[in-house]
Structure formats: structure tokens, C-alpha cells
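Dear colleague,

Please find below the structure that I am handing over to you. My notes on its contents follow directly after it.

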Amino acid sequence: QVQLVESGGGLVQAGASLRLSCAASGGTFGTYVMGWFRQAPGQERRFVAAINWSGGITYYADSVKGRFTISRDNAKNTVYLQMNSLKPEDTAVYYCAAASGVVLTSTGSYRYWGQGTQVTVSS
């Protein structure tokens, strides 16, 4: 029902910034909670940030607070993740996900997932 496509990943040096985008189609974007997760090789997929349907409530993993900002533009069916002061430990595949209901921070709560975009941060 919902298709999500991430973009904006790349190779950057530590301290640089990237803005990831997630374009949604096939659903009513404005009714979904949107989240960003990331997964490094050999590790579990972990929560990064989430935003409610109105954009008025956001949640962040402690590891990214103060550096990352999640936002959404319902008119464009797009959610963003602005990543500043990137660190090598931020290297991962970043996934966009959609769920209905309240803001959620667990992977199992999201029904729809994009294929991910690679972010690599070199030291």
C-alpha cells in the first residue's frame, strides 16, 4: 500500500552534514507516523528518530540528539533527516519507515519500510 524511497546518502568526512529524504507514495502520508532507523553490518536495526503525523512531536535516540533533526512536509509526502556533525559511528544503512498511530521507536511497530540509503562517515 505504501512505498518509501530513501535518498541523500553518501560518503562524507567526520563533522560533515547530510540530509536524507524519504519520498512516500501509495498511501495517505499525512496520517502516518514516520521514523528513521539505521543498521550497521552485523548489528540490529536501531531507532534513530520519529515524528508524528502533524510534525509537532519528535523523538530521537540519545546518540543523535542535538545533531540530527527529523521533519516532514505532508504536502510533498516527504520526511527528512538532517544529520549534522556526523561521526564514524553514524555509518550505516538508513531506513525510512511508516506506521499508524502514536510516535513509535521500535522497529516492530512499523508496517512499511524503504530499501535504505547508505551513509558512510570517514574519520
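**Aromatic residues and the sheet**

Y112 is buried, with a relative accessible area of 13%; buried means under 20%, exposed over 50% and partly exposed in between (1.4 Å probe, protein chains only). The model is predicted, so local features need pLDDT of at least 70 and side-chain atom pairs count only at pLDDT 80 or more, while totals for chains, interfaces and linings use all residues. Residues are numbered from 1 along each chain as its sequence is written, and side-chain values use heavy atoms, with hydrogens and water left out.

Y32 is likewise buried, at 15%. The ring centres of Y32 and Y112 lie 6.0 Å apart with planes at 90°, so this pair is edge-to-face. Rings of Phe, Tyr and Trp (its six-membered ring) pair if their centres lie within 6.5 Å; planes under 30 degrees apart count as stacked, over 60 as edge-to-face and the rest as tilted. The count under this rule is 5 aromatic pairs. Ring pairs also join F37, F47, Y110 and W113 into a cluster.

Two arginines sit over rings: R45 is 3.7 Å from the ring centre of Y95, and the charged end of R72 is 4.6 Å from that of F29. The criterion is NZ of Lys or CZ of Arg within 6 Å of the ring centre and within 35 degrees of the ring normal.

Finally, 4 strands form an open antiparallel sheet in the order β1-β3-β8-β7. Strands are DSSP runs (E, at least two residues), numbered from the N terminus, and two of them pair if DSSP finds at least two bridges between them. The edge strands are β1 (3–7) and β7 (68–73).

Yours sincerely
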